[in-house]
Amino acid sequence: MTRFSRRRMTRRREALPGGPLRRLAALVAASSAALLVGCGSAGEERAFDPAANPELARGELLSFACRACHGLAPGDPSPLGPTLHGMLGRRAGSLPGYDYSQALKDSGIVWTEETLDAWLARPDEYIPGNKMAFAGYRSADDRRALIEYLKLQTEKAP
Ligand code: HEC
């Protein structure tokens, strides 16, 4: 049901060529392409059709804040934060080779859609004393879209 209405919204949006959202989406698509070229072997992103998947497209937009500090592919060079590749199902603070805060390592949390949602809403309240400098996304819809996108881009290849 919601799927249906979302699809209708997309159509309506497409009926307005050059609207601000479309221009923004085009800009992001262009810059993410540039990012990929720049990163060379850092890993291919999984493709999707933004028109057919407006939630994933929104998630991609929201993920750019994360990518300032996090890679999404395996072994992505990430001086500011650990790569998020394969994070679902992983214990928080357990990636070898990254210097996590004691707070994250001691949290006992395993990353699932639920724990990720709570973390991304208010990281400093969910795990006090962590060192991720990100205030959080307050909108539950935004977090759901972002998590859908991250699931697609960070899950391990079969
Ligand atoms: C300013 C840099 C920065 C930004 C922006 C940022 N993070 Fe982080 N993130 C970090 C750091 C640093 C850590 C390690 C925290 C610690 O050790 O306490 C971290 C940890 C994490 C972890 C735990 C990883 C693990 O292996 O346990 C997840 C999940 C995560 N971030 C997701 C995100 C997402 C999703 C976003 C975007 C909404 C985001 N982060 C934005 C720097 C950042």
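Of the 158 residues in the protein chain, 21% are buried (buried means that 20 or more other C-beta atoms lie within 10 Å of the residue's own, exposed 12 or fewer, and partly exposed in between, with C-beta atoms placed from the backbone). The model is predicted: local features need pLDDT of at least 70 and side-chain atom pairs count only at pLDDT 80 or more, while totals for chains, interfaces and linings use all residues. Residues are numbered from 1 along each chain as its sequence is written.

**Overall fold**
- The protein chain has seven helices and zero strands (DSSP runs numbered from the N terminus, H or I of at least four residues for helices and E of at least two for strands).
- Among contacts in the protein chain with a separation of 6 or more, 51% join residues 24 or more positions apart (a contact needs C-beta atoms, placed from the backbone, within 7 Å).

**Helix 3 and helix 7**
- Helix 3 (residues 54-67) packs against helix 7 (residues 140-154) at an angle of about 90°, and their axes are 7 Å apart (axes are lines fitted to C-alpha atoms over the stretch in contact, and angles run from 0 to 180 degrees between N-to-C directions).
- The two helices are therefore roughly perpendicular (65 to 115 degrees; under 35 is roughly parallel, over 145 roughly antiparallel and the rest oblique).
- Helix 3 contributes E55, L56, R58, G59, E60, L62 and S63 to the contact, and helix 7 contributes D142, A145, L146, E148, Y149, L150 and L152.
- By class, the residues of this contact are seven nonpolar, two polar and five charged (Ala, Val, Leu, Ile, Met, Phe, Trp, Tyr, Cys and Pro count as nonpolar, Asp, Glu, Lys and Arg as charged, and the others, Gly among them, as polar).

**Nonpolar core**
- The largest nonpolar core has 17 residues, of which L146, Y149 and L150 touch the most other members (a core is a set of buried Ala, Val, Leu, Ile, Met, Phe, Trp, Tyr and Cys residues joined through C-beta atoms within 7 Å).
- Helix 3, helix 5 (113-121) and helix 7 each supply at least two residues of this core, and helix 7 gives the most, with five residues.

**Ligand shell**
- Around the ligand there are 25 residues, of which C66, C69, G81, S101 and N130 come nearest (the C-beta atom, placed from the backbone, must lie within 6 Å).
- The shell has 19 nonpolar, five polar and one charged residues.

Conventions
Contact = placed C-beta atoms within 7 Å.
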